[in-house]
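Biologist: Could you take me through the charged pairs and the nonpolar surface of this protein?

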Amino acid sequence: MMQEAIQLISQLTSAEKAQLLQWVVKDIGNAFPGIEKHPNIMGGSACIVRTRIPVWLLVEARNENQTDAEILRAYPQLRAEDLANAWAYYHSHRSEIESEITENAGA
């Protein structure tokens, strides 16, 4: 499929490519590197890629005064970059993450 897309794009004019680029930027504008949301994984919560670790869980750990080093020891599959992505996502989606923390407090 990607090869077909490349072939089609190569046939576009510069103006059409610019218009396509504007659409792509708008479409992925809410995307965050290293963070994924899938309806069938962790109830659709934002998670670290390659894992099922939700951002809200990491933020909750940080709110409990765990350091990044402690979180990385607790979740050895994570990298420092994953935490940086999680914190960036949280800062842009604070109400979403805080709501998930509240929802999962009784779980």
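**Charged pairs and a nonpolar patch**

Modeller: I shall begin with D82, which counts as buried because its relative accessibility is 2%. Please keep in mind that this is a predicted model.

Biologist: Which residue does the side chain of D82 meet in a salt bridge, N to O?

Modeller: The side chain of D82 meets that of R50, with an N to O distance of 2.8 Å. This pair links distant parts of the chain, 32 residues apart. D82 belongs to helix α5, residues 80-92, while R50 lies in the loop between β2 and α3.

Biologist: And what does R79 form with D82?

Modeller: R79 forms a salt bridge with D82, and the closest N and O atoms are 3.8 Å apart.

Biologist: Is R79 buried or exposed, or in between?

Modeller: R79 counts as partly exposed, because its relative accessibility is 41%. For D82 the value is 2%, and D82 counts as buried.

Biologist: Why can such side chains pair at all?

Modeller: Side chains of opposite charge can pair when their charged atoms come close.

Biologist: How many salt bridges does a search of the whole structure find?

Modeller: The search finds four. One of them joins E96 and K37, whose closest N and O atoms are 3.3 Å apart.

Biologist: How accessible is E96, and what about K37?

Modeller: E96 has a relative accessible area of 21%, so it is partly exposed. The cut-off matters here, because buried means under 20%. K37 is partly exposed as well, with a relative accessible area of 45%.

Biologist: Let us change topic. Which residues make the nonpolar surface patch?

Modeller: The patch is made by I9, L20, W23 and V24, and its area is about 330 Å².

Biologist: Which helix gives the most to the nonpolar patch?

Modeller: Helix α2, residues 14-28, gives the most, with three residues. W23 is found in this helix.

Biologist: Why does W23 count as exposed?

Modeller: W23 has a relative accessibility of 52%, and exposed means over 50%, so W23 counts as exposed.

Technical notes
Residues are numbered from 1 along each chain as its sequence is written. This is a predicted model: local features need pLDDT of at least 70, side-chain atom pairs count only at pLDDT 80 or more; totals for chains, interfaces and linings use all residues. Side-chain values use heavy atoms; hydrogens and water are left out. Buried means under 20% relative accessible area, exposed over 50%, partly exposed in between (1.4 Å probe, protein chains only). Helices (H or I, at least four residues) and strands (E, at least two) are DSSP runs, numbered from the N terminus. Patches are made of residues with over 30% relative accessible area and no salt bridge: like charges are joined within 9 Å, nonpolar side chains (Val, Leu, Ile, Met, Phe, Trp, Tyr) within 5 Å. Accessible areas come from the Shrake-Rupley method with a 1.4 Å probe; for residues, only the protein chains shown count as cover.
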